[in-house]
Amino acid sequence: MSESTLSTSARPAPFTLGPRARRLVILVGLALIWESYARWLGNSLLLPSFLETLVALWENLRNGELPERVRASLGILLTGYGIGIGVAAIITALAALSRWGESLLGLLTAMFNPLPAIALLPVALLWFGVGASSLVFVIVHSVLWPLALACHAGFRAVPPTLRMAGRNIGLTGPSYVVGLLIPAALPSILSGLRLGWAFAWRTLIAAEMVFGASAREGGLGWFIFVNRSQLETANVFAGLLTVILIGLAVESLVFSTLNRLTVQRWGQEA
């Protein structure tokens, strides 16, 4: 073996950071940029510094205001998200089992998917009044159509040979959907769940900022709106930071875990 080969094989592997460490470094870098620009700007009314936002976040956590708003928002969000998942599952199952169901799904998504959920707020107010029911209604709309489209695309991508194998072992109706299509289309379903969650958060915060529920029952969007009206900019950014932190937590603890335990474990990741 030549000397060059020995030196190459003995060369240590380059140091690399894992995905979590890289994300942490990026987050720290963004926080430093935020802090530096805010200090350079020198106007807390326009842009509070990162440290000022952390102080406001801690104060609102300590006095119980922010936890109560988070609890209200998450309760409404999870209710609408769960209903949206259930309705999307029924519609996509019908589309997978019937040509009429497929035509129904195609027509409904073409009609309602381009319609912004916020545009339904006047209708929700007329039907349900100012309260949690109106928020749940617009959240269901924001979750339903992107999730249904993602699930249906995943079902259509299942190979014909796999479909034939399922039919040959006696899978029909609901057992065909649950036992074959859902496991085979799981990557697309998880992508749809992620997309639906993001749309639900976005819709909820926007809807709460428009009409909230009441000063006592409103969630994070209402918290942001009230503090904006009172020119408490640090509290506004504390509310926005809370939304970001919850989103990161759900992505890291829920969706990434589901992806690791299912898609990666079963070798379905591209």
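A residue is taken as buried when its relative accessible area is under 20%. In the predicted model, serine 49 has a relative accessibility of 8% and therefore counts as buried. Serine 49 is located in the loop that runs between helix 2 and helix 3, the latter spanning 50-62. When neighbours within four places in sequence are left aside, the contacts of serine 49 are Trp34, Glu35 and Ala38.

Helix 2 comprises residues 19-41 and includes isoleucine 26. The relative accessible area of isoleucine 26 is 53%, so this residue is classed as exposed, the cut-off for that class being over 50%. Isoleucine 26 also takes part in a nonpolar surface patch, whose other members are Leu27, Leu30 and Ile33. The area of this patch is about 410 Å².

Valine 250 was examined in helix 12, which covers residues 233-264. With a relative accessible area of 15%, valine 250 is buried, because the value falls under the 20% limit. Apart from residues up to four places away in sequence, valine 250 touches Trp197 and Phe255.

Definitions and conventions. Residues are numbered from 1 along each chain as its sequence is written. This is a predicted model: local features need pLDDT of at least 70, side-chain atom pairs count only at pLDDT 80 or more; totals for chains, interfaces and linings use all residues. Side-chain values use heavy atoms; hydrogens and water are left out. Helices (H or I, at least four residues) and strands (E, at least two) are DSSP runs, numbered from the N terminus. Buried means under 20% relative accessible area, exposed over 50%, partly exposed in between (1.4 Å probe, protein chains only). Contact means heavy atoms within 4.5 Å. Patches are made of residues with over 30% relative accessible area and no salt bridge: like charges are joined within 9 Å, nonpolar side chains (Val, Leu, Ile, Met, Phe, Trp, Tyr) within 5 Å. Accessible areas come from the Shrake-Rupley method with a 1.4 Å probe; for residues, only the protein chains shown count as cover. A salt bridge is a side-chain nitrogen of Lys or Arg within 4 Å of a carboxyl oxygen of Asp or Glu.
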